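Biologist: I'm new to reading protein models. Could you walk me through strands and charged pairs?

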Amino acid sequence: MSEEAQQQNKKKSFYKEWVEPFLIAAVVALFIRQFVVEAFKIPSGSMIPTLSIGDHLLVNKFIYGPRIPFTDTRIFTWKEPKRGEIIVFKYPENESKNFIKRVVGLPGDKVEIQNGKLFINAQPVPVTDLGAYDDGEQGAGSSYFPEPKLLEEQLGSVTHKMLYLRDQSGYNFGPVLVPKDSVFVMGDNRDNSQDSRVWGWVNHSKILGRAFVIYWSWDGNGRWVRWERIGSLIR
């Protein structure tokens, strides 16, 4: 075999052993990120106590239907968002940012708050008082409201914990009617969340997916890694 042929064989071998697997892996990774699962990080305390600052999540992007790349158009709709689910979506006032909140109201729902009590379609949402929240987590409280109140709320089939930072007896909102193909969302840290009470609805086309598991978590202070949160399913 000539020296030139040997060089060609070496080049082919290098391509097959290194370049080709790398390109295939890159294409598969891009496909998964675009259509199946994507990683997100929690930058704020608006979802405490369910999600903490520094949690890293995996988001199911297929569950509501895959989207045509670089558009808001779905190839097909797989499922509709359900009450109580935690979703990631494009922030309506700046779509370059992604927000994460909990679905409270569905299309056609009447949502209102009367003296701090949440009503959906004139029915009070069941809530259980769990006492003071004393975790001391960054973003949970403030110097004005040092002892947040921990509650358990029932939204559809989902039971979850939430926080109030102050007395709610004088707080009212709505009523508002959720339009077609939209959802009304709120943060679990109710007094420390910019959500649908401030900027309105989230259209289905702007929903990127549903959060389902914490794959990494650290607080940047003290012990750093929160080992007990890694692998936790999100509800």
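Predicted model: local features only at pLDDT ≥ 70, side-chain atom pairs only at ≥ 80, totals over all residues.

Modeller: Let's start with β8 and strand β9 (residues 149-155), which pair in the antiparallel sense over 4 bridges. Strands are DSSP runs (E, at least two residues), numbered from the N terminus, and two of them pair if DSSP finds at least two bridges between them. Residues are numbered from 1 along each chain as its sequence is written, and side-chain values use heavy atoms, leaving out hydrogens and water.

Biologist: In what order do the 3 strands of the open sheet come?

Modeller: The order is β8-β9-β10, with antiparallel pairing. β8 (127-132) and β10 (158-164) stand at the edges with a single partner strand each, so one side of each has no neighbour in the sheet.

Biologist: And how do I read a salt bridge?

Modeller: Side chains of opposite charge can pair when their charged atoms come close. The cut-off is a side-chain nitrogen of Lys or Arg within 4 Å of a carboxyl oxygen of Asp or Glu. Here, Arg226 and Asp55 meet in one (3.6 Å, N to O). Arg226 lies in the segment after β14 (207-217) and Asp55 in strand β2 (residues 55-60), so the pair ties together parts 171 residues apart in sequence.
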